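Hi,

Here's the structure I promised to pass on. Have a look at it first, and then read on for what turned up.

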Amino acid sequence: MARILVLYATIEGHTARIAERVAAALRSHGHRVDVLPACAEADLLGYEAVVVGASIHYGHHPASLRDLLRKNRAALAARPGAFFSVSLSAKERYLQRFLRQVGWQPQATATFAGALQYSKYGPLKRLVMRAFVTLTGRDTDMSRDYEYTDWDAVDRFSEAFARRSFADRPDSRALSSPAG
Ligand SMILES: Cc1cc2nc3c(=O)[nH]c(=O)nc-3n(C[C@H](O)[C@H](O)[C@H](O)COP(=O)(O)O)c2cc1C
């Protein structure tokens, strides 16, 4: 059993939901998992592995998260890590650019489609999003919210990270396949 930190940066809350789903998958493998919003006080040293998730707004992951991860680069490099990016376009290049800026090469990465939460946007954001969504071919009816996340893909990502990071450890019986 490992202590794992799942750290997330969210604006409208959807990345937090994905972080909770990742944590549930890791817990089902017997790990102790804390799920925390990314903040300057985050202490990575108390954990054996770290999963980080962040959403994209206006083409970028949050600069505050980038700075936090940079500050903790040595701790990240010393333990198994995974990063997932949440957006409407689910573009790999945003994720790769962010990791280059941080200087981190996690063992596992994924891009997940996020959500359109019109009910949470103020008037200006609704206008911006309607324009963006029209361009990208997503749903423009602002009378309801939309969720595009493939939850099975989130589970596969979490399982693969758990297997890859801990399967060869002596205390990882919960992770062994029935055959192994
Ligand atoms: C103001 C705003 C700007 C956004 N900009 C982008 C963008 O540049 N590219 C993209 O793919 N998705 C963009 N999105 C979509 C978000 O990444 C998506 O809604 C995601 O689910 C938000 O996650 P969160 O609730 O964890 O913040 C934007 C959303 C909002 C509200």
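Let's start with the ligand: 22 residues sit around it, and the ones that come nearest are E12, T15, S55, S87 and G114. Do keep in mind that this is a predicted model.

As for where they come from, at least two residues each are supplied by helix 1 (14–27), strand 4 (81–87), strand 6 (115–116) and helix 5 (123–136). The top contributor is helix 5, which gives three residues to the shell.

Domain 1 covers 3–114 + 149–175 and domain 2 covers 116–148; both give residues to the shell, so the ligand lies between them.

The other thing I'd point you to is a pair of helices. Helix 2 (residues 63–71) packs against helix 4 (residues 92–102) at an angle of about 45°, and their axes are 9 Å apart. That angle makes helix 2 oblique to helix 4. The crossing of helix 2 past helix 4 is right-handed.

Which residues in the two helices meet? From helix 2 there are R66, L69 and R70, and they meet F98, Q101 and V102 in helix 4. Split by class, the residues of this contact are three nonpolar, one polar and two charged.

If you're setting the ligand up for your own work, E12, T15, S55, S87 and G114 are the names to have at hand, as the nearest of the residues around it.

Cheers

Definitions and conventions:
Residues are numbered from 1 along each chain as its sequence is written. This is a predicted model: local features need pLDDT of at least 70, side-chain atom pairs count only at pLDDT 80 or more; totals for chains, interfaces and linings use all residues. Axes are lines fitted to C-alpha atoms, for helices over the stretch in contact, and angles run from 0 to 180 degrees between N-to-C directions. Helices (H or I, at least four residues) and strands (E, at least two) are DSSP runs, numbered from the N terminus. Angles under 35 degrees count as roughly parallel, over 145 as roughly antiparallel, 65 to 115 as roughly perpendicular and the rest as oblique. A crossing is left-handed if the near helix is turned anticlockwise from the far one by less than a right angle, and right-handed if clockwise. Two residues are in contact if their C-beta atoms, placed from the backbone, lie within 7 Å. Ala, Val, Leu, Ile, Met, Phe, Trp, Tyr, Cys and Pro count as nonpolar, Asp, Glu, Lys and Arg as charged, and the others, Gly among them, as polar. A residue is near a molecule or strand if its C-beta atom, placed from the backbone, lies within 6 Å of it. Domain bounds come from an automatic or database domain assignment.
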